[in-house]
Amino acid sequence: MFKLQRVGNAVLEPIPENAWESQAVFNPAAIREGEHVILIYRAVEGDNYSTLGYAKLERNGRVVERWPQPVLRREAAYEQRGVEDPRLARFDGRYYLVYVAYDSVNVRVCLASTTDFKNIQKHGIIIPDLWDKDAMLFPELVAGKLILMHRLEPNIQLAFFSDLEHLLRPEKDYWQKHVAALDHYTVMRPAFWWEAKKIGGGAPPIATPEGWLVIYHGVDDKLVYRAGAALLDYENPLRVIARFPDPILEPERPFEKIGDVPNVVFPTGTALFGEELLVYYGGADKAIGMARASLEELLHELRRFRL
């Protein structure tokens, strides 16, 4: 069975001297920048209050830069408890950051954008009060549409928009109609023992010659979080064309088994260097791990599980 190969232990851990990231760092967005990888990670202080931090890593996992202050802070009332679990995509030289805002009662999906992570523009809420999480943009238009992957438990869905303006300012009844027709927009449902309770998107989909590679998470009946992989049709990503029946990564190392939420590997970012696929994930809601695979080998194995 295909498995990701870990790169050592945690690549990023909390810094006790920095209050804002003193309790935990996990669930990073990732994007390749030249020969490095930028991570925008969730950082926790106090009684589970979150901001987002910045780090730059070499492809072997060595940290070469880590900013001493958050890049995204809690500001709006709907963010008062946290800005969490970001995912990154890049269009036309601009980074788009989809993240979760939490106010102690509701979670809402929000969007921000930047060219340098020093000046970040917040665009506000893009999914209303649906308790929706694990949202991310596809990195390019598909059949002329901007696609937002999201998760209304226990499944993974896709929402389609004409362009960024449509995403930011949809019709008043857009989400009402979307939820009413949710079965049509549901692309993946729990199907195997290790994802019996729910599944959710992990890293933004990767365009490959075989289709869209999706790295996602599944949760079993004992609340163990594992990572899996599937392949979506390139022109019609509502169609799953291959899916591993077993996880490609599961909690094994101490930093994945012991933490604020035990037994969790939670993939949220990838970077591709030629055929080398790097996967970044949260471990036990405490630290950040990194694993790698040959993209060619992964796709070759996935072909054995075509649907």
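**Stop 1: the whole chain**

Select everything. You are looking at a predicted model. The chain holds 5 helices and 21 strands. Its radius of gyration is 18 Å, close to the 19 Å that the globule rule gives for 307 residues, so the chain is as compact as a globular protein of that length. Along the principal axes, the C-alpha atoms fill a box of roughly 50 × 45 × 40 Å.

Of the 307 residues, 57% are buried. Take contacts between residues at least 6 apart in sequence: 52% of them join residues at least 24 apart.

**Stop 2: an open sheet**

Hide the surface and select E1, E19, E20 and E21. In which order do these strands lie in the sheet? The order is E1-E21-E20-E19, and the pairing is antiparallel. Strand E1 (5-6) and strand E19 (265-273) stand at the edges. Each has a single partner strand, so one side of each is left without a neighbour in the sheet. Strands of a sheet pair through backbone hydrogen bonds.

Zoom in on E20 (residues 276-283) and E21 (residues 287-294). How many bridges join them? There are 8, and the two strands run antiparallel. Click Glu-276: across from it in E21 stands Ser-294.

**Stop 3: Ser-50**

Select Ser-50, which sits in strand E4 (residues 49-58). Is Ser-50 buried or exposed? Ser-50 is buried, and its relative accessible area is 0%. The Ser-50 side chain makes a polar contact with the side chain of Arg-42, at 3.0 Å. Beyond its neighbours within four places in sequence, Ser-50 is in contact with several residues, among them Arg-74, Arg-81 and Glu-84.

**Stop 4: Glu-84**

Move on to Glu-84, in strand E6 (residues 82-91). Glu-84 is buried, with a relative accessible area of 4%. The side chain of Glu-84 makes a polar contact with the Arg-42 side chain, at 3.3 Å. Leaving aside neighbours within four places in sequence, the contacts of Glu-84 include Ser-50, Leu-52, Tyr-99 and Lys-133.

End by selecting Arg-42, whose side chain makes polar contacts with the side chains of Ser-50 and Glu-84.

Note on methods:
Residues are numbered from 1 along each chain as its sequence is written. This is a predicted model: local features need pLDDT of at least 70, side-chain atom pairs count only at pLDDT 80 or more; totals for chains, interfaces and linings use all residues. Side-chain values use heavy atoms; hydrogens and water are left out. Two strands pair if DSSP finds at least two bridges between them. Helices (H or I, at least four residues) and strands (E, at least two) are DSSP runs, numbered from the N terminus. The radius of gyration is taken over C-alpha atoms; the globule rule is 2.2 Å times the number of residues to the power 0.38. Buried means under 20% relative accessible area, exposed over 50%, partly exposed in between (1.4 Å probe, protein chains only). Contact means heavy atoms within 4.5 Å. A polar contact is a pair of N or O atoms within 3.5 Å; within protein, one must be able to donate a hydrogen and the other to accept it, and residues adjacent in sequence count only if both atoms are side-chain atoms.
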